[in-house]
Amino acid sequence: MTSPAEAGRFGWLRPDALAIAAGALLAAVAPLERFDYVARGLTASSLADAAPSAQVLLVTASPEALRDGVCARALPGLLERGGARGALLIPPADAFCAGGAAALPVVRMPPGLLRLSAGEVVGFSSPSGEARAAELAALGVSAAPWVLKKEPQSVPAVSLSALAEGQIPASALAGRVAIVGVGSGGVPPQAVATSALPPAKGVAAVLGGLLDGGRRASAPAWVPALFVLAAGGVVWLARRRHGSLVATAALFLATFALAAGQSALAARAEASLLPLPSTLFGLAVAFAGVMIFRGIGVQRAVDRAAELIQRAALFRMQGVHTLPDEEFWPRVARLAEQAHPADLVLVAELPAGSWHLRFWNDQRGGEGLVAERRHDVRRPPYSSEQGVPAIRLARRFLTKQDMPAVVVPLIAFGEIEGYVFFCGPVAEATYSREPERAEHVGRELALLLRRKRLARTAQAGGVEARAGHAPTDDLVEGARVALDDLQLFGSMLRNAPVGLLYADAFGDVRFVAPEFAKWLRARDVTVPAESASSALPPGSLTLGDVLGATQAGSAAVSLSSVMASDDGIELSVSAPEPAVLSVRPLRRESDGSSWIAGYVAALIPVKQPAPVSGNVRPIAARDATDPLCAFQLGDVVAEAVASAARATGRAVRLEPIRGATHALGHRGELAQVLEAFLTDVAGRGLPGHGPVVSVREAAHGVQLSILDVGFGLGLPESALQRVLTAPGAAPAGLEPLGRLILAVEDSHGHAELKTNDGWGITLTVTLLKAHPRVGVAAHEGGKPAAQQNVIAIGRASPK
């Protein structure tokens, strides 16, 4: 499963984000090269300059003048007298005008020099490979893929005959490049430019724009890629926040911005021509990815919501605000009956903006039993003589004068939601004995009524606000309700030790597990069959029936006890098997208020302890300040070694700790006796030969070994055996060792002493590993892991 950090790091690897990245890559690569070329040419042509050109002059020669040789004879002289930069001969005029030596460059236009787009001249190819590249460069002709050319009408044009006959002075050629091409004869002077045959007028317009600074080139590849990324991000954000319509409008806005930006850039910067078709194609890919994958995500969410509703249908509990009043108020009365003993329970609603109660009757008389007919909550017995609503005992409230009634106003946040009346001698006796029970019941019922009223108001306002809501809104609302139900069941599972029974806010059991139902039937409680939705119908089994089956006395098992406690109650039951019945309320919080949304009950079996043999002495109870706990034995040993070294001033060697060394025992006692033992051993050892301590995690426990080369000199074998057999009565001088062995045994461990010939004594202490489950560690032969009189309890090592 992906961790949260990895999910955040790779969160951008979503289909819509990848689509935007793919669109940017397409814009940078420009796969539509042919169309991009045409689009650049059209862009350059659309931005043609209308200002008159001072760099070129279009000279048209009629076919008659060409046949008479006027061009070949007069052109060199005209160029010299007029001070022109030179002449560019456009086919087919080059065949008639070239010839003879000239002081100024007169160059035939080479084949392939022109760059065409959509039949129009848009620029020049590089002339570096031509024989007369130097002359072309002198005329200003250089490599320029695209040029912001001049308008044909803005290029000055004259006829060759007019120049030769002196009708137009030769000074018109001063500083200009003469573009000589074939034109129609006998046209008015203002039509000379348009009379020139292609490509003469196109060459004149492009060369004029080039010499006036109109050279243009492709923009860097990152420019269209960056535009697609930005536009795709805007479309994604619009789709996410405002829907498909706004996202489509954002796409059109981005397209318009692309066209306007291209025009603005091309008019001012040289490297500014974008690959428009490729950029638009990349933008379309990004838009399609965002819309398609976002739509797929929405559809997937809708499908998941539908699946959630279908899965939650098995456990659907009808909400408080969705119940009709004819069903809601009788269920409130049943809930009150379970919470407070009474011969008769009446409930009444106080409608909004009214002072008169509305009683909800049942089959036992209901409102007909009430003697007071006005039902005005401002008067007794609903309020005190001062008009303050409070719990009180009324004697003549009912038509039966001898039947008392406990009047409980249902007040939530200072507002009266209704009243509940507990009638009869049983109610009076309970109220006299436990007045706080009526208060608890009234508070919870008031919160339940307020929840219903607020939910109804919010639902009515939502219906008015969504008069024209889409059909998918119903699905979303259903998913929200289903999710709320599932959250309630999640709360049940978290709060229940076993989770075997659930009752709704009215105390009606809606779900009961088979084991719990078996226990109820053993207590002579009728459990109805489950419905098709795996839930019991409302009213078929109440939580009061379940509590009554415990037979522990009405005061201990009343539902009001559950209402009054956030942690619930626990009841011990003995038949048919010993168990503990735990009942807890499920509270929900919203808008600063808390109310009971249901109840959960668990039946926890109690296992009887195994019989103890008569010859086994039970372990004495420990001090509560030093309980049996899991701790790091390596840390305890390291502290004891450091303390012993400081106390004696001698070296105590601690080998590197191997393993986790998580042990189970009484940490405080072990730390104290181990420090005293090491201090005694280090103080009695030979100088330079202090004890060596090691801690390691073994297969059958956590071992502490202490090797001392001088501790056992001169000690008989019987002394060691006495310490192991009776550590509480150790020989003189070995008391610290005896106390250490006692502490180890109190922690359910064992100790071993081994005499090493010529190398002192090794003390090995083995404690239990701290594991979630505890087992018995034994050898393959079935013998105990330690000595015959010691059973080491711990997890068996894997084979």
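In what order do the 5 strands of the open sheet lie? The legends below take up this sheet and then one glutamine. The model is predicted, with local features requiring pLDDT of at least 70 and side-chain atom pairs counted only at pLDDT 80 or more, while totals for chains, interfaces and linings use all residues. Residues are numbered from 1 along each chain as its sequence is written, and side-chain values use heavy atoms, with hydrogens and water left out.

View 1. The 5 strands follow the order 17-16-20-19-18 with antiparallel pairing (strands are DSSP runs of E with at least two residues, helices runs of H or I with at least four, both numbered from the N terminus; two strands pair if DSSP finds at least two bridges between them). Strand 17 (509–512) and strand 18 (569–573) stand at the edges with a single partner strand each, so one side of each is left without a neighbour in the sheet.

**View 2. Strand 16 beside strand 20.** Strand 16 (residues 501–504) pairs with strand 20 (residues 593–605) in the antiparallel sense over 4 bridges, and Gly-598 in strand 20 is the bridge partner of Asp-504.

**View 3. Gln-262 in helix 12.** Gln-262, placed in helix 12 (residues 244–266), counts as buried because its relative accessibility is 2% (buried means under 20% relative accessible area, exposed over 50%, partly exposed in between, with a 1.4 Å probe and protein chains only). The side chain of Gln-262 reaches the backbone oxygen of Ser-272 at 2.9 Å. Leaving aside residues up to four places away in sequence, Gln-262 touches Thr-43, Ser-272, Leu-273, Leu-274 and Leu-276 (contact means heavy atoms within 4.5 Å).

Key:
A polar contact is a pair of N or O atoms within 3.5 Å; within protein, one must be able to donate a hydrogen and the other to accept it, and residues adjacent in sequence count only if both atoms are side-chain atoms.
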